[in-house]
Amino acid sequence: MNPIAEAYLGALAMLEATAPRNLHLAATMVTESAGDEALREYLSNAGPDDRLRKRLQLALATWDYVVDAVWAEGTEPRTVARRELIYKLLKIDAETIALFHEEFPIAGRDGDIIIADSWEPWYTDELRRERGFYWDNYHGLLLAQDWSADAVRHLDHATSEVVGRLAEPTRQEAYQSKGLVVGYVQSGKTANFTGVIAKAVDAGYRLVIVLTGTTDLLRAQTQRRLDKELIGVEKYSWRSFA
């Protein structure tokens, strides 16, 4: 692997687990040649499916979306102010900022989610980081299947919005939540509910019922996909009833 790519992939792995901070300093732990010029040169020659390019795009989008992090200093998600703060924390120079602006623009606000505004918040960023076994594996699988970083981040946000409206798993009081996902054929509906299942199980849910349609063929197809993409991660922890 290219030493610059290896250095910055390692740096991003550390920063994603905490908060954006000096990107080059973290990268110099792997190679002393890390720096703004070296990073710009690498990205300028990298293709759209380059691993570091996709990881950078995903990291920036993740920080853009964060709602309740202390490091965000009250900036609104997916705004110029938030992105400028991220660049400041990463300590990258003006030329690198210009390149990031061009290559990794701020994602627009979602226009396809209609969701309840009144609920009791419990699914925090801290909880997601602490309990992310199944989602982290599913997230990695999607990237390996050539999903774009934007698509994965959008799915991450949409599924978190849904799980956040469910009842907190250890809640004693009765709570009911209903929802509906509507989409075209091959629009990502299965990926959406698979992501919701992964995050719900990570958060503490222990029973998931999937209603797949009126034909056994569709049921078998969906079950094979869940077995492969979700249950297969740690199959002995699951018991399927079909």
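Helices here are DSSP runs of H or I at least four residues long, strands are E runs of at least two, and both are numbered from the N terminus. With that in hand, R78 sits in the loop between α4 and α5. This is a predicted model, in which local features need pLDDT of at least 70 and side-chain atom pairs count only at pLDDT 80 or more, while totals for chains, interfaces and linings use all residues. Residues are numbered from 1 along each chain as its sequence is written, and side-chain values use heavy atoms, leaving out hydrogens and water.

Back to R78: its phi is positive, about 55°, although R78 is not a glycine. Most residues other than glycine have a negative phi. R78 is also buried, at 13% relative accessible area (buried means under 20%, exposed over 50%, partly exposed in between, with a 1.4 Å probe and protein chains only). D146 has a positive phi too, about 70°, and is likewise not a glycine. You'll find D146 in the loop between α8 (133-144) and α9 (149-164), and this residue is exposed, with a relative accessible area of 59%.

Now for the cores. A nonpolar core is a set of buried Ala, Val, Leu, Ile, Met, Phe, Trp, Tyr and Cys residues joined through side-chain atoms within 4.5 Å. The largest one has 35 residues, and L23, L52, W63, W71 and F100 have the most contacts inside it. Two or more residues each come from α1 (3-16), α2 (23-27), α3 (36-45), α4 (51-65), α5 (80-90) and α6 (94-103). Of these, α1 gives the most, with eight residues. Take L23: setting aside residues up to four places away in sequence, L23 touches Y8, A11, L12, L15, L39, L90 and I92 (contact means heavy atoms within 4.5 Å). Apart from this core lies another, of 14 residues, including Y134, V152, L155 and L230.

Finally, look at α9 and α10 (residues 189-203), whose axes come within 9 Å and cross at roughly 60°. Axes are lines fitted to C-alpha atoms, for helices over the stretch in contact, with angles running from 0 to 180 degrees between N-to-C directions. The pair is therefore oblique, since under 35 degrees would be roughly parallel, over 145 roughly antiparallel and 65 to 115 roughly perpendicular, with the rest oblique. T159 lies in α9 and is buried, at 0% relative accessibility. Beyond its neighbours within four places in sequence, T159 contacts W135, N192, G195, V196 and K199.
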